[in-house]
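Please look over the model below before reading my notes.

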Amino acid sequence: MKVDVLLGLQWGDEGKGKVVDVLTPHYDVVARFQGGPNAGHTLEFEGKKYVLRSIPSGIFQHGQVNVIGNGVVLDPVLFREEAESLEQSGIDIKKILKISKKAHLIMPTHRLLDAANEAAKGAGKIGTTGKGIGPTYTDKISRNGLRVGDTVAPDFNSRYAKAKAKHLATLASLGMSDPDITDIEARWLDAIDYLHQYELIDSEHVINRYMREGKKVLCEGAQGTMLDVDFGSYPYVTSSNTVCAGACTGLGVAPRNIGEVFGIFKAYCTRVGSGPFPTELFDETGKRIRDIGHEYGAVTGRERRCGWVDLVALRYAIMINGVTQLIMMKSDVLDDFDTVKACTAYRINGQTVQDFPYDVDGMEIEPVYTEMPGWKTPMSSLTSEDQLPQAFKDYVAFLERELETPITILSVGPDRAQTIVRESR
Ligand code: GDP
Ligand code: IMO
Ligand code: MG
């Protein structure tokens, strides 16, 4: 049995958490393959709202196994907070969640390094979530990291001390001498003990065994394709591979075992933090999208930058990921607009460009828009495709033509129930 992959096609916050939750009843296993607590995946049902950071979004359905894969970076303190609050909500998280021994640990000093690196960049800062993501992946790639499985080794404490000393030296070179980490370090070491209450697994073996047994596995991505460290708007990206290939490396799934690739996008675009955003709106329309869409970060509460949907970037993301099905989110946010726009090409130095360019940073990009009539109909209470207004159906058909990929699910509100599966596709 092949695994299916679900990932974001824009700059994150497309609504991955909601859709993973909606799709979970069709799966036996949900597995996160990269990222860490920089993610904030929101789920709503039965009048309650949850935000997940490191824990997969498949924990609220019918007891499916959930896996934190080797590609994830885990902060034990934040993980513990998240898990304990879920336990308080009645979720038997210790029973359903397994954690890869190969997942890397975010140390308290990684968070300090994240802050110091940002400060050193000055005006060129990335606008990270401040969760220590970049420094942790840096240690992983430079072969200095600590992994979940290392925490049971007899020499763990000395390895931790060595890594910490190295970080403190770097911090001093960045002007942050002798930071007081006594409290946070004590909490971190406690949280390491807490981790041991979970089943720590060789996730690549476990996932492949599930596949051999015919179990259905859904791989959950974090962030979005345009934040991928290789294909995103570098250097304004995160430090992991958010694209489909990340599911292979982040879970130990062979490329030939990838089945459906669900690509999620919003009916418009948002971005948090710095970096280029060709269709960004600085006017009243951008503000209106932000207000109606409640576009404020789930993790940091920062305002999300808003703009029209960018089909140049989406085509690129579909290509890189091999998307087989598109899922369109938050169309309801545009319900009251007289017209809606989609960027079909860029004008750069007088040339029309269809392929996402090498360097969009600092480049004068003029988006070429197609403007379509709005549907002027509240869609949030609609439950089936045949109830959709004709103008909206025309818009969806236009996007499918432009993107050459079927849109199989439409989300018309934050709640689990506000989801329309298109039987026609
Ligand atoms: P993720 O990081 O991709 O899981 O997305 P986030 O949870 O960070 O951001 C998506 C936000 O949009 C959350 O507040 C969701 O509750 C909300 N949301 C998801 N789908 C819809 C939708 O179709 N319509 C509306 N209005 N809100 C949605
Ligand atoms: P989800 O999974 C939106 C952005 C940050 C910053 C850049 C690098 O909820 O979609 P990092 O802390 O990863 O080093 O920050 O990436 N970023 C996200 N933006 N959604 C996310 O996750 C993000 N995770 C990181 O704002 O610009
Ligand atoms: Mg999010």
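The numbered points below go through these topics in turn.

1. Basis. This is a predicted model, in which local features need pLDDT of at least 70 and side-chain atom pairs count only at pLDDT 80 or more, while totals for chains, interfaces and linings use all residues. Residues are numbered from 1 along each chain as its sequence is written, chains are lettered from A and ligands numbered from 1 in the order in which they are written, and side-chain values use heavy atoms, with hydrogens and water left out.

2. Aromatic pairs. A search of the whole structure gives 15 aromatic pairs. Rings of Phe, Tyr and Trp (its six-membered ring) pair if their centres lie within 6.5 Å; planes under 30 degrees apart count as stacked, over 60 as edge-to-face and the rest as tilted.

3. W11 and F277. The ring centres of W11 and F277 are 5.3 Å apart and the planes stand at 45 degrees, so this pair is tilted. W11 is in the loop between strand 1 (3-8) and helix 1 (16-23), and F277 is in the loop between strand 12 (268-271) and helix 10 (284-292), 266 residues apart. Helices (H or I, at least four residues) and strands (E, at least two) are DSSP runs, numbered from the N terminus. W11 counts as buried because its relative accessibility is 3%; F277, at 7%, is buried as well. Buried means under 20% relative accessible area, with a 1.4 Å probe and protein chains only.

4. F79 and Y194. This pair is also tilted, with 6.3 Å from centre to centre and 50 degrees between the planes. F79 belongs to helix 2 (residues 76-88) and Y194 to helix 7 (residues 182-195), so the pair ties together parts 115 residues apart in sequence. Both residues are buried.

5. A cluster. W375, F392, Y395 and F398 are linked into a cluster by ring pairs.

6. Charges over rings. Which ring does the charged end of R288 sit over? It is the ring of F337, with 4.0 Å to the centre. K216 lies over the face of Y27, 4.9 Å from the ring centre. The test is that NZ of Lys or CZ of Arg is within 6 Å of the ring centre and within 35 degrees of the ring normal.

7. Cavity. The search finds one cavity of 30 Å³ or more. A cavity is a set of points on a 1 Å grid over the protein atoms alone where a 1.4 Å probe fits but cannot get out; lining residues have an atom within 4 Å of a point.

Technical notes: Buried < 20%, exposed > 50% of the residue type's maximum accessible area, 1.4 Å probe, protein only. 1 Å grid on protein atoms, 1.4 Å probe; cavity = no way out; pocket = protein on both sides within 12 Å on 5 of 7 lines; lining within 4 Å. Points joined across faces, edges and corners; volume = space filled by probe spheres on them.
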